[in-house]
Amino acid sequence: MIRMVALRLALMLPILLGVSIIAFVLMRALPGDFAQASAGTSTISAEALDTIRRSLGLDLPVWQQYLRWLLAALGGDLGTSFTLRKPVLGELLPRLAVTGELTLIAGLMAMLLGVATGLASARLRGAVDWAVRAWNSLLLAVPNFVIATLIVLLFGLYFPSVGIFNYVPFAADPLANVASLLLPALSLALTVSVTISENTRAAVLEVASQDYVMVAKAKGLRARSILANYLVRNALTPVITVTGLQLAALLGGSILIETIFTIPGMGQFLFDSIASRDYPSIQGIVLLAATIVLLMNVIVDIAYARVDARVRYD
Amino acid sequence: MTEPKRPRSHGQILLAVGLTMLALLVLLVLFGPLIAPYGAAKTSPASLAGPSAAHWLGTDSIGRDVLSRLIVGGRGTLIITFTAVAAALAAGLILGLASGYIGGRTDLVIMRLLDVIFAFPVFLLAIAVVAALGPTLRNLILTIAIVYTPTLARVVRGPVLSVKRWDHVEAARSVGIGEFTIAVRHVLPLVISPVLVQTSLTLANTIFTVTALSFLGLGPPPPDPNWGSMLAEARQFMELAPLTVIGPAAAIVFASLTFVVLANGLRDVLDVAGR
Amino acid sequence: MTAPLLEVRNLTAHFARDAAARRVVDGISFHIDPGEAVGFVGESGSGKSVTARAIMRLAPEGSPVRWGGTVRFRGEELLTLDAAAMGDIRGRHIAMVFQDPMSSLNPVMSVGAQIDDILMRHTGLSRRAARRRTIELLDLVGIREPAQRADDHPHQFSGGMRQRVLIAIAVSCQPALLIADEPTTALDVTVQAQILRLLMRLRRELGMALMLITHDFGVIAGMVERVYVMNGGAIVETGPTDALFAAPQHEYTRALLAAVPRIEPGG
């Protein structure tokens, strides 16, 4: 078990290294001068620029620059934001918490909706199955930012009294905070629920044809107990895995959704950073998000392997 | 016994619907500017006007005809989408085939490199690349090609791994056919079904990415209209002229739905296992 | 003469999916008396398993089966019984042991919990009382350290041990009729005899009737009093076991008997 975790993490390292190279190269490939961008103005003396260059290590060979940057990043130093003039990491973490909460609520919503529709589709078949599959196809075609915009339009037209742009910080009022994230989370969740729904349907159909379900019927167990203990519990394993792997989609989606609903998370930070050409911040966000997604995939992998050993015993 | 007449399958119907929708989109690309009643940038004094005989979908905040902008903007969106996916498909085919067919160290290197791209949330990577390179048409296409290449390469590589061990490959080799010819003529055609399905899904995803980037202001630079930027611009006044929002929203959904339906139809007809 | 425990008349079965389906069971009649052990022998596809499942009204998921004729259990018609009442009979009065112990246990539940749930369904025992009974049952079917093993999951058991667990499930509510559908086919030869001996012992101790289904005449010798030989969905021959072994009348029976490797069961 420990060996397997170590192996998975070791396999992750070269990818992480590649990710860091991309994050580094992207920001060094910028049109224009990094030092000039850092100064935030184009009217600056040559001497001043040189000073900035030296202080940022831009006079060194590129590979040394990369190493310096990487070592600093490993130590938690993601550089200093051009616009905020503060360490990027310190700005990033509280925003990450907001995005994390939004992602979590959206993930739960997607799972609830996906499992419910997938289960109904697999168990009831017929017209319900057809309706769920049509609904899923449609949802797949509606991008989350379109859903979000339409929700905003809907509330603007018909329920203008509901303040949907009023983000409440968690510390101020936890309940109001969660409530203020419900609509944004819903716009994120709908698309992701499709994958979960399709996987639930397939898993339930697969499990229902297993011998142990026949045994459960032969025991005379009630339908409800067969559904809960035999069908859902077995089908849930692949479904949870799929949900974990949707994290990337949720994180990516939150960029748009936070911008639309003005939620002060990582997505909005990225959007602002791009608008103000705050490259260290962009770099930090990209690196952090990719690391989280990689770690999450490893966790899902390990969790699945553990469950798999239990499920596929032959 | 006579064979009972087989009814049209679910997949065939989907495929027919999808192809019809695709034909509409292609017509839009080919003849967009000819169909559009007004120029995309042509303004009229009536801004944020409701639907009328002159402006079927009304006008936007500076008096431009929404329908015309939808048609012209759709052309731009779709050209980017088709070009980018064609590039991703070409790259995916080459890399996936090379990786799966040659195997060994080549496979390892290619797949690890693609894994790195795969590690990024697609949309985040797209934003980062466009932000770094600058939002020009060429960069947009390049970015989208890069982010979707790994998916397509994987879909090619998987079946190649098994098909290359089939007897007909050995037979071809035994009569002296070159490896390149075998890979392209005897292996590639057998793995094309899942690739078609994935390409169709990638087209749907690309519609999303292109319009989403434009929505964030990272699309092709103005004044070219684009469904994503139209949606973003319209948000400010949407309570006054809902059609300026609903128009581009519906267009985006129609285009993605085309490829989703097409993918489902292809999957059924070509009997490709689920994702 | 006592009334039969189970009386089947003109039973037919066909898969509901295709309308012009051939009947997999084609109008068979038989009976089983209380406490009696009866064998059903035939090759795969002869309809014997479908017959067993018809008594329990079980059909594989996604391929519904249509049944015809009558199946009377203690005089009560089962084929037209409503679903809830049928659920009260399944596992409580008629129980079944299936062919493949590897796939017949729920992989995500402990084996103990899989015996608890049938006990709680039919006997009204509390969870704790059910667990005590579960441990007794595991002991009864010959699982060592039953109190500890009850918390283990199926993958921690061998095939033979799993079949013992499934037998414990089947006999947990002391059914009047135990149907064993090829209970040893999926097991190693050495384990087969142990499982058959266990079934014999439980039948004796609990006074159950046994319907033993197999393709192998070797399995039923010394196990059952009467035999029905099935072929193509019909019963082609029936009689007391000894008489059938001594003087098979039907050509098909003779062919099956000729195929038996000489293994003495129960020895």
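This is a predicted model: local features need pLDDT of at least 70, side-chain atom pairs count only at pLDDT 80 or more; totals for chains, interfaces and linings use all residues.

User: Ok, which two chains share the most contacts?
Analyst: Of the two pairs of chains in contact, it is chains A and B that share the most contacts. On the chain A side 41 residues take part, and they are in contact with 34 residues of chain B.

User: And how far apart are the closest C-alpha atoms of chain B and chain C?
Analyst: The closest C-alpha atoms of chain B and chain C lie 13 Å apart, and no contact joins these two chains.

User: Back to A and B, how much area is buried there?
Analyst: About 3500 Å² is buried between chain A and chain B, and carbon and sulfur atoms give 83% of that area. Across this interface the rule finds zero salt bridges, while the count of residue pairs in polar contact, with both residues at pLDDT 80 or more, is two.

User: Which helices of chain A supply residues to that side?
Analyst: Six helices of chain A each supply at least two residues of the side that touches chain B, namely α1 (2-28), α6 (126-140), α7 (144-158), α11 (247-261), α12 (266-275) and α13 (279-311). The largest share comes from α7(A), which gives nine residues. Sorted by class, the side of chain A that touches chain B has 33 nonpolar, seven polar and one charged residues.

User: Now the other pair, how many residues of chain C are in contact with chain A?
Analyst: There are 30 residues of chain C in contact with 22 residues of chain A. Together chain C and chain A bury about 2400 Å², with 57% of it on carbon and sulfur atoms. Within chain C, the residues that lose the most area to chain A are C:E61, C:P107 and C:V108, which together make up 27% of what that side buries.

User: How many salt bridges cross between chain C and chain A?
Analyst: The rule finds one salt bridge across the interface of chain C and chain A. The side chains of C:D117 and A:K219 meet in a salt bridge, with 2.8 Å from N to O. As for polar contacts, the count between chain C and chain A is 11 residue pairs, both residues being at pLDDT 80 or more.

User: Which helices of chain C supply residues there?
Analyst: On the side of chain C that touches chain A, at least two residues each are supplied by α1 (48-56), α3 (111-123) and α6 (159-171). The largest share, five residues, comes from α3(C). By class, this side of chain C has 14 nonpolar, nine polar and seven charged residues.

User: Switching topic, how many salt bridges are there over all chains?
Analyst: The count over all chains comes to 20 salt bridges. One of them, in chain A, brings together the side chains of A:E91 and A:R95, at 3.0 Å from N to O. Both residues lie in helix α5 (residues 88-124) of chain A, four residues apart, which is about one turn of the helix.

User: Which residues are linked in a network with A:E91?
Analyst: A:K86 and A:R95 are linked with A:E91 in a network of salt bridges.

User: And why does A:E91 count as buried?
Analyst: A:E91 counts as buried because its relative accessibility is 14%, and buried means under 20%. A:R95, by contrast, is partly exposed, with a relative accessible area of 24%.

User: Which parts of chain B does the pair B:R69 and B:E233 link?
Analyst: The side chains of B:R69 and B:E233 meet in a salt bridge, at 3.9 Å from N to O. This pair links distant parts of the chain, with B:R69 in helix α2 (residues 66-102) and B:E233 in helix α9 (residues 227-234) of chain B, 164 residues apart. B:R69 counts as buried at 4% relative accessibility, whereas B:E233 counts as partly exposed at 40%.

User: What about B:E170, which residue does it form a salt bridge with?
Analyst: B:E170 forms a salt bridge with B:R173, and the closest N and O atoms are 3.5 Å apart. Both lie in helix α6 (residues 167-174) of chain B, three residues apart, or about one turn of the helix. B:E170 is partly exposed, with a relative accessible area of 47%, and B:R173 counts as partly exposed at 31% relative accessibility.

Note on methods:
Residues are numbered from 1 along each chain as its sequence is written. Chains are lettered from A and ligands numbered from 1 in the order in which they are written. Side-chain values use heavy atoms; hydrogens and water are left out. Contact means heavy atoms within 4.5 Å. A salt bridge is a side-chain nitrogen of Lys or Arg within 4 Å of a carboxyl oxygen of Asp or Glu. Buried means under 20% relative accessible area, exposed over 50%, partly exposed in between (1.4 Å probe, protein chains only). Buried area is the accessible area (1.4 Å probe) that two parts lose on being put together, summed over both. A polar contact is a pair of N or O atoms within 3.5 Å; within protein, one must be able to donate a hydrogen and the other to accept it, and residues adjacent in sequence count only if both atoms are side-chain atoms. Ala, Val, Leu, Ile, Met, Phe, Trp, Tyr, Cys and Pro count as nonpolar, Asp, Glu, Lys and Arg as charged, and the others, Gly among them, as polar.
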